[in-house]
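Take a moment with the sequence and the fold, then read on.

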Amino acid sequence: MKRSRINEIMAAADEMIRSYGFVLPPFAYWTPEVFKANASKAKAVIEARCGWDITDYGDGRFDEMGLFLFTLRNGRLADLQRGGGMCYAEKLLISRQDQLSPMHTHVIKAEDIINRGGATMVVELYGSDDDGNFAEDRGGMVMCDGIPREFAPGEKLKFAPGESLTLMPGDWHAFWGEGGDVLIGEVSTVNDDETDNIFREPIGRFAEIEEDAAPTHLLVSDYRSWLS
């Protein structure tokens with residue numbers, strides 16, 4: 001993805017987020033230079049990989065297959081492993097109309113996906129086989145606003161603003177906006193986007209960046225190269 005395009009997506013996303021009454025934390029608006037100057041103070045933010053995250057899954061077709069994310073807070077895997085402490089994470093996502101977030105599951109993370117506003121959120125679901133692999137012939141059970149609901153393999157559940165879905169490890173899912181763009185909230189256990197996203201197809205989690213412009217703000221995938 002071109003850096004200039006990423007800058008445009010950031011600006012549009014911030015405008016949409018504000019239109020629904022949400023405001024991102026102060027570090028979201030730091031320039032790369034301010035982030036560098038505050039890197040020692042922002043160690044927890046950097047280590048937790050909180051911040052801007054825009055991906056085309058390495059496929060180069062963001063409008064067709066991609067996702068905007070902002071990680072607001074993220075806990076510690078060590079706390080999750082010992083069963084106490086900061087075991088949670090929270091994100092805001094924007095899924096554009098007909099923009100696919102491709103089929104995947106998680107090994108560790110359980111998550112609530114909440115339609116915070118906009119159009120309809122569509123989630124396509126499959127179950128796992130006994131080894132946790134994608135199973136084209138298996139459905140399963142999920143919670144929709146705290147109510148259990150069975151799903152058939154490949155069933156597409158639809159969620160209006162205010163409605164939510166709870167996904168457990170092994171629930172294979174893909175999602176997109178229907179009828180317009182959707183602002184999505186994600187509340188989950190500790191999030192590790194580098195190792196805990198298992199895609200059905202061999203695709204990447206992060207975009208490859210073409211530096212055709214200076215970044216307005218850093219992506220979480222920039223932290224190692226820009227702040228080390």
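By class, three nonpolar, one polar and four charged residues line the second largest cavity. Here Ala, Val, Leu, Ile, Met, Phe, Trp, Tyr, Cys and Pro count as nonpolar, Asp, Glu, Lys and Arg as charged, and the others, Gly among them, as polar. This is a predicted model, where local features need pLDDT of at least 70 and side-chain atom pairs count only at pLDDT 80 or more, while totals for chains, interfaces and linings use all residues. Residues are numbered from 1 along each chain as its sequence is written, and side-chain values use heavy atoms, with hydrogens and water left out.

**Second largest cavity**
- Its space comes to about 30 Å³, a volume being the space filled by probe spheres set on grid points joined across faces, edges and corners.
- A cavity is a set of points on a 1 Å grid over the protein atoms alone where a 1.4 Å probe fits but cannot get out, and lining residues have an atom within 4 Å of a point.
- The lining is Phe 22, Glu 90, Lys 91, Leu 92, Arg 116, Gly 185, Glu 186 and Val 187.

**Largest cavity**
- The whole structure has two cavities of 30 Å³ or more, and the largest holds about 160 Å³.
- Among its 18 lining residues, Leu 67, Leu 69, His 104, Glu 186 and Asn 197 sit closest to the centre.
- Two or more lining residues come from each of β2 (67-74), β3 (88-95), β5 (111-128) and β11 (172-189), and β11 gives the largest share, three.
- By class, this lining has seven nonpolar, five polar and six charged residues.

Note on methods: 1 Å grid on protein atoms, 1.4 Å probe; cavity = no way out; pocket = protein on both sides within 12 Å on 5 of 7 lines; lining within 4 Å. Helix = DSSP H or I, 4+ residues; strand = E, 2+ residues; numbered from the N terminus.
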